[in-house]
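Here's a quick briefing to read alongside the model. Take a look at the picture first, then work through the points below.

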Amino acid sequence: MGKRKAAAAASRKRKKAASDAAKREGEEATTSKSQEEDPQKEPKKRRVKVPETETEYFAEKRNLEDLWQAAFPVGTEWDNMDKLREINWCFSNLESAFEEGGELHGKTVYIFGSTEAQMLNVNGQEKVVLVPIVVAVDSPIPPSDKIGVKSVQREKEEVIPMKTMKMAWVPYIPLDDRLSQVDRLKSQIFTMACTQRRSALKHLRIERVKQYDYCLPYLQPLKADEDEDDTVVNIMFPLEPPIVCDYDWEMDEIEEFTDNLIEEETLPEDKKDEFKEYVKEQVRERRKEQRQAKEARKKVIEDMDPKTREAMENMKFYKFYPVQTSDAPDISRVKVPYINRYYGKAHFLR
C-alpha cells in the first residue's frame with residue numbers, strides 16, 4: 001500500500017516538472033519569434049520623468065567692461081581697496097568714449113585711477129562712500145614715468161620713479177582680443193598698474209606701506225603751479241600747545257603779527273623774539289624751495305626735445321565718474337574737475 005502512494009507522488013512530481021519545462025520553452029519560443037520578426041525592437045524600458053529646470057541666462061560681458069578696474073586707484077589706502085567692490089559701479093561712459101564715434105576712439109590714451117571720499121545717500125542713509133574715478137590722458141607719449149608722494153602728514157614732497165613703487169604703464173587688452181597673441185596687437189590704451197601684492201604688505205615697514213597712501217600721479221608742469229608763487233607759509237611754533245597759524249610775508253608785518261598773538265594770549269611775551277626768528281626762518285626756507293622749483297622746471301623745459309614739449313603742451317585730461325544706475329548712489333552733485341596738484345583740473349568732466 002505504502003509503495004503505491006510513493007509511486008503516485010513521484011509520478012505527480014515528474015508531470016509537474018515536465019509541465020513547467022514545456023511552459024518555459026513556449027515563452028522562449030515566443031520571444032525568439034518576436035525578435036526574428038523585428039530584430040531592432042528592444043524590450044520596453046521604464047520611463048523616468050526628469051524634473052524641468054529654468055534655463056539661466058548670463059549677461060554678455062562688454063568689451064571694455066573691466067577697463068576702469070585695470071587702472072590702479074593711486075593713493076587709495078590698501079585697507080580701503082575692498083570698499084570699491086561694495087557698490088556695483090559702472091563706467092559705461094568710459095567705454096563709450098573708446099567706441100566708434102566716441103571722443104577717445106582711435107587715440108593713444110593713458111589711464112590711471114583714484115578715489116574720492118564723498119557723503120552720499122545710500123538706501124536712504126547718509127554715509128561716507130569711496131567713489132572711484134578714472135582719469136584718461138589723451139597723449140602720444142606717457143605723461144610721466146614718475147610718481148609724486150605728497151600729503152598733509154608728510155613735511156616734504158617727493159618725486160620718485162614709478163618703478164620704485166612697483167608701478168608702470170601697461171597695455172590694456174580688450175576682452176575680445178585676449179585670445180589673440182599679445183605681441184601682434186597694437187594697443188592704444190595704457191593703464192597705470194601696480195604689481196605690489198597685498199599679501200606681501202605685512203613684510204614691509206609701516207613707512208613703506210604708508211607711502212602708497214600718499215602717492216599722486218605726477219606730471220612735469222610746463223607752467224608755474226599755484227604753489228610756486230604762494231607767499232603764505234604754515235607756522236607751527238613748538239610750544240605746548242603748539243601755535244599753528246599762517247603767515248603771509250607780503251601782507252603781514254612780522255612785528256605787528258607777533259604783537260597780535262601776544263595780545264590774544266596765544267604767544268607768551270618772553271617767546272616773542274624766538275617766535276619772530278622762527279617765522280623768518282620758515283619764510284627763508286619756503287622762498288628757497290620756490291626758487292629751486294622754478295630753476296628745476298626751467299631746466300626740464302630747456303632739455304626737452306621739441307616733439308615731447310609739443311605733446312606735453314597739447315595733452316588733454318578727461319575725468320570720468322561712474323554713471324547713474326539703480327545699483328549705485330547719485331553722485332551728480334559731487335563731481336568736480338580737479339584731479340590733483342600736479343594735473344590741476346580736467347579739460348573734460350564726464
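Which residues does Phe275 touch, not counting residues up to four places away in sequence? They are Ile235, Phe237, Ile243, Phe257, Thr258, Leu261 and Leu267, where contact means heavy atoms within 4.5 Å. Keep in mind that this is a predicted model: local features need pLDDT of at least 70, side-chain atom pairs count only at pLDDT 80 or more, and totals for chains, interfaces and linings use all residues. Residues are numbered from 1 along each chain as its sequence is written, and side-chain values use heavy atoms, with hydrogens and water left out.

**The chain overall**
- The protein chain has seven helices and 13 strands; these are DSSP runs (helices: H or I, at least four residues; strands: E, at least two), numbered from the N terminus.
- Of its 350 residues, 34% are buried, meaning under 20% relative accessible area with a 1.4 Å probe, protein chains only.
- Take the contacts between residues at least 6 apart in sequence: 67% of them join residues at least 24 apart.

- Phe275 sits in helix 6 (residues 272-303), and it counts as buried because its relative accessibility is 0%.
- Phe275 and Ile243 are 32 residues apart along the chain, and their C-alpha atoms are separated by 9.6 Å.
- Over in helix 4 (residues 206-213) you'll find Gln211, which counts as buried because its relative accessibility is 12%.
- Leaving aside neighbours within four places in sequence, Gln211 is in contact with Val149, Glu158, Ile160 and Met165.

**Nonpolar cores**
- The largest nonpolar core has 61 residues, and Phe98, Ile111, Ile147, Met167 and Phe320 touch the most other members; such a core is a set of buried Ala, Val, Leu, Ile, Met, Phe, Trp, Tyr and Cys residues joined through side-chain atoms within 4.5 Å.
- Strand 2 gives this core its largest share, seven residues.
- There's also a second, separate core of 15 residues, with Ile235, Phe237, Leu261 and Leu267 among them.

**The second largest pocket**
- This pocket holds about 680 Å³ of space, the volume being the space filled by probe spheres set on grid points joined across faces, edges and corners.
- On a 1 Å grid over the protein atoms alone, a pocket is an open set of points where a 1.4 Å probe fits, with protein on both sides within 12 Å along at least five of seven lines; lining residues have an atom within 4 Å of a point.
- Its lining has 32 residues, and Trp68, Gln69, Ala70, Leu84 and Arg85 lie nearest the centre.

Conventions. Buried < 20%, exposed > 50% of the residue type's maximum accessible area, 1.4 Å probe, protein only.
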